[in-house]
Amino acid sequence: CLFCFIFFLMVRRPPRSTLDRSSAASDVYKRQQLCLVIDRSGSMSEQTDGSSKVTKIQAIKTAIVKLLDKLNSDDLLSVVTFENSAEVIIPQTKINSSNKDDLIKAINSINADGGTNIEQGLFMGYELLEQLPEVNGTNKRIMLFTDAQPNSGATDSVSFTSIIKKYSDKKIGFSAFGVGLDFGQELIYNISKLRGANYFYLENSDKISKVFDKEFDFLVTPIVFDLNVKITTPQGLKLKAVYGLPNWKEGDKDANLEIPTVFFSSNKGAIILRYEKDDSSPLIIKKNDELVSGSISYSDPLGKNYNSSIEVRNQAKATLIPGTQYYTHDGMKKAVALTNIFFGLRDGCMLNTEGKTKEALAAISRAKTLAMVENLYMNDSGLKTEIKLLEKLSENISKGGKPSALGNTKKNY
């Protein structure tokens, strides 16, 4: 089998606070008109996870106070809270040194109690932003903070999708911040796939309170719309599996990536494709053989469309046969190591659940060995952390514990 990788690297821009407003670069970051819609229902009084005494609402308030430092006098901020009903606790306000203390006081006065009517909160927030006049160089955005457990008003993703799409068409963006281990991820994931929307999963108090410590400008700055990437399988090969692409299904001939909105990010990522020969014979790749071809299309924030295509061929000096390895750079080597770790975690959990303890431990040990061999050269701290997860899972299974004791294993690199 062959693993082929495509990396999408976002170009880092300087923080908005360091830019001269008169410079051309300042156009990258627009003035913000934000409405924070905060869930203050009873469930927000619960702890974010089992290891912290900080409640969800306390962590959110800490994060929002930090957010105030990221805004400047050209930006507008309003705050809506909701439980069974919604209310405006801060109308659209320009932040400055004379009113900042009052804003912090208003934020810290938020207490959690009651039901969860996300619909009411969103309608009130969108109404505030819709009333503002259109100004060139301004970005309107709802920022929703919730554990996504609605129990009054609309409770289904179809209803929320309809609301958010309506205002997306009016150029009002949407960012959702899902908080706590009991966060209703499916609901927010579905509504954040719309144009101009994104979402962030913050499973513990530390991540919630630090969400705006870095890269606030990235969170609210869309740079590409309607991104479409197609990766075409070469003739004679079969696409066996794809990792890092949620919408790919077994049996799909090619791999397609569609993202309504792309935001700035310093995180790195990869799409990993696994190929086999379509006639089940050994996969042999000669020098200059085609590995993959693909196309990309998107539009920029000004509406200009772009299209391009690429063909990748084997640049190894020797023919690649089963058992040989060839990497163009360490990023690919790390991607393979992370994929093997994923296999170990997945297979270890599945086999243990089926009562096959010996096989589960063997799968974990195999993944650990492969990752450690790759990391002998790279000495990557992130891989070391992931390898420790394999060790912890092996320890839990050996003691007869449940694989879920691992906790959250999702990482960003």
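Student: Which residue in β10 is the bridge partner of proline 222?

Tutor: This is a predicted model, where local features need pLDDT of at least 70, side-chain atom pairs count only at pLDDT 80 or more, and totals for chains, interfaces and linings use all residues. Residues are numbered from 1 along each chain as its sequence is written, and side-chain values use heavy atoms, with hydrogens and water left out. Strands (E, at least two residues) and helices (H or I, at least four) are DSSP runs numbered from the N terminus, and two strands pair if DSSP finds at least two bridges between them. β8 (residues 222-232) pairs with β10 (residues 255-263) in the antiparallel sense over eight bridges, and the partner of proline 222 in β10 is phenylalanine 263.

Student: Which strands stand at the edges of the open sheet of six strands?

Tutor: The order in this sheet is β4-β3-β2-β5-β6-β7, with mixed pairing. An edge strand here has a single partner strand, so one side of it is left without a neighbour in the sheet. The two are β4 (86-94) and β7 (197-202).

Student: Which residue in β5 stands opposite glutamine 33?

Tutor: β2 (residues 31-39) and β5 (residues 138-146) run parallel and are joined by eight bridges. Glutamine 33 has as its opposite in β5 lysine 140.

Student: What angle does the direction of helix α3 make with that of β5?

Tutor: Helix α3 (residues 118-131) packs on the sheet, touching β2, β3 (76-82), β4, β5 and β6; contact means heavy atoms within 4.5 Å. Axes are lines fitted to C-alpha atoms, for helices over the stretch in contact, and angles run from 0 to 180 degrees between N-to-C directions. For α3 and β5 the angle is about 165°.

Student: Are helices α8 and α10 roughly parallel or roughly antiparallel?

Tutor: The axes of α8 (residues 330-353) and α10 (residues 381-398) come within 10 Å and cross at roughly 15°. Angles under 35 degrees count as roughly parallel, over 145 as roughly antiparallel, 65 to 115 as roughly perpendicular and the rest as oblique. Therefore α8 and α10 are roughly parallel.

Student: Is serine 394 buried, partly exposed or exposed?

Tutor: Serine 394 lies in helix α10 and touches Leu361 and Ile364, not counting residues up to four places away in sequence. Buried means under 20% relative accessible area, exposed over 50%, and partly exposed in between (1.4 Å probe, protein chains only). With a relative accessible area of 22%, serine 394 is partly exposed.

Student: What is the phi of lysine 171?

Tutor: Most residues other than glycine have a negative phi. Lysine 171 lies in the loop between α4 (157-168) and β6 (172-179) and is exposed, with a relative accessible area of 70%. Although lysine 171 is not a glycine, its phi is positive, at about 65°.

Student: What is the phi of asparagine 288?

Tutor: Asparagine 288 is in the loop between β11 (270-277) and β12 (290-299). Its relative accessible area is 45%, which means partly exposed. Asparagine 288 is not a glycine, yet its phi is positive, at about 75°.
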